Every structure is written in C-alpha cells, then in structure tokens.
Amino acid sequence: MTSELDPAELDAAGLEALARAAQVVDGSPPVNDQALVEVRTGEARLLGDEHAAAVLRPGEVELVVHPDHRRRGLGSALARRVVDETTGPLAFWAHGDHPGARALAAQLGLVETRRLLQQRAPVEGRTPRLRDGDRIAAFRPGVDDAAWLDLNARAFADHPEQGSLTQADLDARKTDDWFDAGDLLLLWRGDELLASCWLKLEADQPGEFYAVAVSPEHQGEHLGGAVVDAGLARLLDRGVDTAALYVEGDNAAALRLYAARGFVDHAVDVQYTLSR
C-alpha cells in the first residue's frame, strides 16, 4: 500500500489539475510555468499525489495542497520530507503569501529572502511613444526566436528564473494553450531587437504581462514604457479589461513605470530560504 506522499503517484497532468484547483480558491497559481515545463520534461522532481505535491528544482521547491485536504498536516509532512531528502540551501516559494505558508515557514525556521508583487490595473488605451525608425511587430515563431532569447537573457541576466530560458523552454511555451504569437510584441530599431512585451491571456483571468524585457544597452530610452503601452493597447483590442503583472519588490524603476499606468498591489509571492 502506498502512502499519500509516495512519489510517482502524480504525473504532470495530475500536478496541473491540482494546481488549477488550488488557484481557484487562492487566486494565485501555486506553481510557476517553468516548474510545470520541467515536470513535463522530467528535469524537475515531483513528489506527492493528488492531495499534496512538491516540485523540486535545484535549490528550489514549490508546494501545493488541494483545498479539500488542507489542515491535515499534509503540507508540513511533505515540506519536512523535502528538507530531509535534499542538501544545501533551499528556497520555498509561497505564492500569494497565505497565512498557512507563513506558519509553515515559521515551523521550518525559514527566512524571507525575496518578495514578488502581483499588481493589477484597469486596461486603458495608450499609444506607444516611439523614436523615428522604431517599430513594434508581433513575434514570428521560428524567425525571431534567437533574437528574442538573446534579448531575454541579457535583460534578465540577474533574474533566477526568466533569464535562464532556453530554446527548448520557448518551444514548450509555444505549445501551451494560451500562447499566441500576436501577444508577444517586439520593438525593433532596424534589425536590432531593443525590447519586448509578452502577454499571457487565459479564460477568466486578467491579461498578464508575462515578461517585459529591455536591452541593457538601451536603458533610459523609455523603451519599457513603450512596449508596456503597446501591450495595454493589445489587451484592449483583445477585449481584456484588467491587466496583471509580477514585479520584484525592490525594482524601484519598474514600480514607478507601472504606477504611472495605474498598477497597484494585488497579491504578494514570498520566497523563504532554509540555510544549512
């Protein structure tokens, strides 16, 4: 007989179903997209079953407990198992910063090391301010991949998740139901890609600014504002009335840019770290 926490009881599809059930109640996805991709490809280790699961990546873990099976110690037991079966520093993500996650962090002696803000704003039409010769065009799959991956890597060089995307990761995103090449907007100057704005649209969810990237060599040229305004215009064209995005809590420049467009805090994701 297997226990509720035995590995190999859950596959990628089961994890996605569990995550959807949690998101309906919590309002925030308990597992990020890259973790789901790595579970599908076998790069991430998956523990648990349909009641509680943990996704393990190098130095990082995301935990989810089905809403119908909470307050039974499943999350605590699974977290302690993860701690026992891993070595070195370990970061736990608490998407939504829920009281239960804070209590579990305290039990395990975890320390808060990062805050990621989810912000929202009403969608209003804005016209991007572009320099003469600059243009915004939709992403062309198979044509713009290398240019976009290069821009993304440079723009997010210090970002632990976004900056590490590979061609395989991009290809995996293209197979997701929500992917639409028209929602990945690229700002070009001649043949040079300077900035991009990637939108993620799912049913019954706000239109998400999935990733906004600006070439480090062109910081200060208001390119971020231009592609965000292009993204807002695209959302308006798609009939979306609410925009959402994630931004690091210590990114003052980005916070100013988004505040100028009406974005306010909606939820918080917290990373807790176990040092040993």
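Which residues lie nearest the centre of the second largest pocket, and how many residues line this pocket?

A: Happy to take you there, keeping in mind that this is a predicted model. V65, R70, G100, A101 and L104 lie nearest the centre of the second largest pocket, and the lining has 27 residues. The pocket's volume is about 730 Å³. Four elements each supply at least two residues of this lining: the strands β3 (60-65) and β4 (90-95), and the helices α3 (74-85) and α4 (99-108). By class, the lining of the second largest pocket has 14 nonpolar, eight polar and five charged residues.

Now for the helix packing. Helix α1 (residues 12-26) packs with helix α2 (residues 33-41), their axes 9 Å apart and at an angle of about 155°. Angles over 145 degrees count as roughly antiparallel, and α1 and α2 are therefore roughly antiparallel to each other. In this contact, α1 brings A12, L15 and E16, which meet L36, V39 and R40 of α2. Four of the residues in the contact of α1 with α2 are nonpolar and two are charged, with no polar ones.

Helix α2 also has a contact with helix α6 (residues 167-174): the two axes come within 11 Å and cross at roughly 100°. The contact of α2 with α6 divides into three charged, two nonpolar and one polar residue.

Last, the aromatic rings. A search of the whole structure finds seven aromatic pairs. In one of them, W148 and W198, the ring centres are 5.3 Å apart and the planes are at 85°, so the pair is edge-to-face. W148 belongs to helix α5 (residues 145-155) and W198 to strand β8 (residues 192-200), so this pair ties together parts that are 50 residues apart in sequence.

Technical notes
Residues are numbered from 1 along each chain as its sequence is written. This is a predicted model: local features need pLDDT of at least 70, side-chain atom pairs count only at pLDDT 80 or more; totals for chains, interfaces and linings use all residues. Side-chain values use heavy atoms; hydrogens and water are left out. On a 1 Å grid over the protein atoms alone, a cavity is a set of points where a 1.4 Å probe fits but cannot get out, and a pocket is an open set with protein on both sides within 12 Å along at least five of seven lines; lining residues have an atom within 4 Å of a point. Grid points are joined across faces, edges and corners, and a volume is the space filled by probe spheres set on the points. Ala, Val, Leu, Ile, Met, Phe, Trp, Tyr, Cys and Pro count as nonpolar, Asp, Glu, Lys and Arg as charged, and the others, Gly among them, as polar. Axes are lines fitted to C-alpha atoms, for helices over the stretch in contact, and angles run from 0 to 180 degrees between N-to-C directions. Angles under 35 degrees count as roughly parallel, over 145 as roughly antiparallel, 65 to 115 as roughly perpendicular and the rest as oblique. Contact means heavy atoms within 4.5 Å. Rings of Phe, Tyr and Trp (its six-membered ring) pair if their centres lie within 6.5 Å; planes under 30 degrees apart count as stacked, over 60 as edge-to-face and the rest as tilted.
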